[in-house]
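Please read it alongside the sequence and the coordinates.

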Amino acid sequence: MSAASVAPPTGPTTHAPTVRTAYLRATDPEAGLPGGRLLDQVREELRRAAVPDDTLDALVEQAAAWSAEEAGRFTRLLGLLDDAEDRAVLVRRATLGCAPLALHSGAWLQWLPSSGNCDDPAVLRMLALYAHDVGVGAPHASRGDAYLALLRHLKLSENAVPASRLVGDQRLDEGHFLLPALLLTMSRRPEDFTPQLLGADLCLRSVGTLPALALVRQELPTATDWSVIDPSGARAEDADSGLTISRAAVEALVTRDGPAAADEVRLGFRWALAALRQWSERLHEELDVARDPVFEMAELMRLRSREGAVYHHTFPLEDKPLSDWLRECATDPYPMLEALSRSRLIKPGKPEKSPLVTGLVGERGRMFRVFSPEDLAVVRRWIGSLSGPAERGAGLGGNPVLSEPPALALSAWDAAAEAAGAEAAPRDLREAYHQLLRRTGSPALRDWATTYVHGWLGRSRHGIDRGGMPLPDRWTPRGLRPWLVEMHDQHSEEFERGSEDELPSKEALIDATVQQAPLTLIDGAWIAGFTDYAHASSQIGHSLFDTYWDELGNGEAHLNHPLIYREVLDEMGVHLPPTASREFAQWDGFRDGSFELPVYWLAIGRFPQTFLPEVLGLNLAMELSGVGGSYRRARLALKKYGFSTRFVDIHNTVDNVATGHSAWAADAIDTYLSSITASQGEGALDTAWDRIRTGYRSLNPPSGFRARQAGRRAANLAARGRAR
Ligand SMILES: [Fe+2]
Ligand SMILES: [Fe+2]
């Protein structure tokens, strides 16, 4: 086969930045994606689904049947190749092509639960499905992590951590980012796309392991845990399968929201199936073309042409300098490859005798280290094919062209696009509480929340070293566990000492319980940011996600802390409106001050990265606050008046200092500080520790005049910094 018979690999196209930008933006755990025009653009994409409407059962069957057939097509492609090197090319390209989606397997569910809806049984199903994907309970146990293991096995993982780095991987073209970019974009606007996301989810589970991976699995059956990569599979022997839980989540949603939601679920399903088919078809085409060694060689030349053209002005190749050839490579590498193959640099069929990959790139050669070992393998494979057996590349026929990737028309990224319909910043605490219960919000709300957090932290820092701070002045690598046990003893002693004290009156108990409702009914809000896919499975974040998962009852309504709290309120004769309703925030039984701390939780929970050390400190204070002491005391009071003690009992156990939330909270801090030492040296420890201590104190900051003044100063400073 002549070099010219394969069309040049696709170069960058006009829409290229959009797809990668979309992917990059949507992987940001603090992403504030605008509404307005962007949402219209996403809806337009969804409506382009070329799969006809049908019942959900029929769609599930259709997806499974397509997947099986498509997997067969990929393995047949592999079957055409005898040479191990050629097979490895297909394995590499299939693995890389699936990476942007497979490294985020399940991530589209990451924001479905929010502080305003996580007492809803339908949402608890979604959370259960997501916890399953994340592999809750262990670090690096997500489906994406299993895929990362495959990339590592193949030595392809250099751009895979964090997964957003993939956008810089030149081996991947835009087409591979399209489906995940749209899924992740929708994941950041859960209030706008819940049914469509669940429909797409059900489609992906019905498809199971991505068809192209069938050939990888055939070649490398033990390279990773394939059962984890398959999103339809169960995570434990006695657990439900991903497909079963996905179906249950869809049913719960449709039961809650009715037939209109069912239509949107099917739309999401049909879109995902159409997009998968289109993408898979093109990946198949890519692998097919890449069977011919000249394709990868042309791709390599095009990639290197710009840098290469700077040199080689004096090196002639046939009628012109090599630098001119290289310049032309940017658009069409094949003429140069033909000339090169006729030159003395190449001995056709004999890479071991070709100066291009021997002398020139050797230690003393002029092109030493110009090609990476992977590049050299591509060049050698090409030279080997030049006079190799005619079957090399046979079957491609004619003039195969790798088609352009489909475009993704998402361009309305800038907040300005939303400015017209933007909500103003909240007028007061109650309004802020209501707005922050949702995952999405206007840029004005985001700015308001950031300023509020800075102000709160400024207040928390006030007089921090003047005593009363339980955390030690310095952190040592021994960790916080010994300190934790001491604190537990202290709580217990305080409880014993106070056992003679009078318990509050019934009225006072009810009032305290009611005023705490805006806080307790959003249990877990301070760590809501850790549902983000990368954080939920990270070394530091996995235990925070696990804590969040526990607060919300591990997907079970009868274990859901906010619902258990509502039971006590009901027993007290206090029947509150739904947490997410405007009436709740405006309910006149609450005092304004009862929203101060909850709003802080909701605000800081949106920034798991910006305020990571503060959240870690706050989380420890939060989980430790009741155990051993105040929960036990609250129990006595509740019992005295005949109210259920379940809420405090459950917390005194799940937050325990040996294996419970407070132990995990301490471990997360120790892990974080150890990683800081490892990455930035001990010098960075003091700043990080100070921020953790501030976070710890922020659960219960000083409230005097000067402290509040310090808070206002910090808030103003932050607002001014943003304005600059
Ligand atoms: Fe809780
Ligand atoms: Fe807890």
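With which residue does D133 form a salt bridge? D133 pairs with R205, and the closest N and O atoms are 2.6 Å apart; a salt bridge here is a side-chain nitrogen of Lys or Arg within 4 Å of a carboxyl oxygen of Asp or Glu. This is a predicted model, in which local features need pLDDT of at least 70 and side-chain atom pairs count only at pLDDT 80 or more, while totals for chains, interfaces and linings use all residues. Residues are numbered from 1 along each chain as its sequence is written, chains are lettered from A and ligands numbered from 1 in the order in which they are written, and side-chain values use heavy atoms, with hydrogens and water left out.

**Salt bridges**

- Helices are DSSP runs of H or I with at least four residues, and strands are runs of E with at least two, numbered from the N terminus.
- D133 counts as buried because its relative accessibility is 0%, and R205 is buried at 1%. Buried means under 20% relative accessible area, exposed over 50%, and partly exposed in between, with a 1.4 Å probe and protein chains only.
- Across the whole structure, a search finds 46 salt bridges.
- E174 and R20 meet through their side chains in a salt bridge with an N to O distance of 2.8 Å. This pair links distant parts of the chain: E174 is in the loop between α6 (143–153) and α7 (178–187), R20 is in helix α1 (residues 16–26), and 154 residues separate them. Both E174 and R20 are buried.
- D473 forms a salt bridge with R693, with the closest N and O atoms 3.3 Å apart. Here too distant parts of the chain are linked, from D473 in the loop between α18 (443–461) and α19 to R693 in helix α31 (residues 685–697), 220 residues away.
- D473 counts as exposed at 61% relative accessibility, whereas R693 counts as buried at 5%.
- A network of salt bridges links D86, R92, R93, E286, E296, E299 and R381.

**Buried residues and their contacts**

- L109 lies in the loop between α4 (84–102) and α5 (121–134), and L109 is buried with a relative accessible area of 1%.
- Leaving aside neighbours within four places in sequence, L109 is in contact (heavy atoms within 4.5 Å) with L129, Y130, D133, L198, D201 and R205. D133 and R205 are the salt-bridged pair described above.
- A261 is placed in helix α12 (residues 259–290) and is buried, with a relative accessible area of 8%.
- A261 and T194 are 67 residues apart in sequence and 9.0 Å apart in space, C-alpha to C-alpha. Apart from neighbours within four places in sequence, A261 is in contact with P195 and L253.

**Helix α23**

- Helix α23 (residues 542–551) is largely enclosed by the rest of the structure, because 10 of its 10 residues are buried. Among them are H542, F545, Y548 and W549.
- The buried residues of α23 pack against α5, α22 (533–536), α24 (561–571), α27 (612–624), α29 (646–654) and α30 (661–680).
- G553 follows α23 and has a positive phi, near 85°.

**Backbone geometry**

- Most residues other than glycine have a negative phi, and most peptide bonds are trans.
- N554, which is not a glycine, has a positive phi of about 50°. N554 is in the loop between α23 and α24 and counts as partly exposed at 27% relative accessibility.
- H140 also has a positive phi, near 50°. H140 lies in the loop between α5 and α6 and is partly exposed, with a relative accessible area of 45%.
- The peptide bond from V161 to P162 is cis, with omega near -10°, and P162 is in the loop between α6 and α7.
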